[in-house]
Amino acid sequence: MIDTSFCTLYIVRHGTTEWNEQRLIQGQGDSPLTASGKEEMKALSRKFGSVQIDAVYSSDLGRALQSAEILALEKKLAVMTVQALRERRYGYFEGKHKDEFDREMKVALKQL
């Protein structure tokens, strides 16, 4: 007998974005998926081919929603967006290069 009193959650990160490739801090700033990011999601969708999925939830940020829509398409499911699933805010650093972030963090840590 199969125990159906539980559910399984699959947590998936969005595909590669333009800002990922440029090493820019995203936070709640947004950047579209690259062609390779879309292909990553299509490949993942194929891996989930035989897995029963009943619902798909996503952050409302474009990169996450775009990724979720690619995954949900094969299952013919609508994506439900939830603002609470957004990535954290990085404020001033959003859109800045990761090297700049690293430099400023080193300076800030020395001041502690």
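Author: Searching the whole structure turns up four aromatic pairs (rings of Phe, Tyr and Trp, the last by its six-membered ring, with centres within 6.5 Å; planes under 30 degrees apart are stacked, over 60 edge-to-face, the rest tilted). This is a predicted model, in which local features need pLDDT of at least 70 and side-chain atom pairs pLDDT 80 or more, while totals for chains, interfaces and linings use all residues. Numbering starts from 1 along each chain as its sequence is written, and side-chain values use heavy atoms, without hydrogens and water.

Tyr 10 belongs to the segment before helix H1 (18-22) and Phe 48 to the loop between H2 and S1, so the pair ties together parts 38 residues apart in sequence. Helices (H or I, at least four residues) and strands (E, at least two) are DSSP runs numbered from the N terminus.

Tyr 10 also lies, with Ile 11, Val 12, Val 56 and Tyr 57, nearest the centre of the largest pocket, which has 35 lining residues. A pocket is an open set of points on a 1 Å grid over the protein atoms alone, where a 1.4 Å probe fits, with protein on both sides within 12 Å along at least five of seven lines; lining residues have an atom within 4 Å of a point. Helix H2 (35-47), strand S1 (56-58) and helix H3 (62-75) each supply at least two lining residues. H3 gives the most, with seven.
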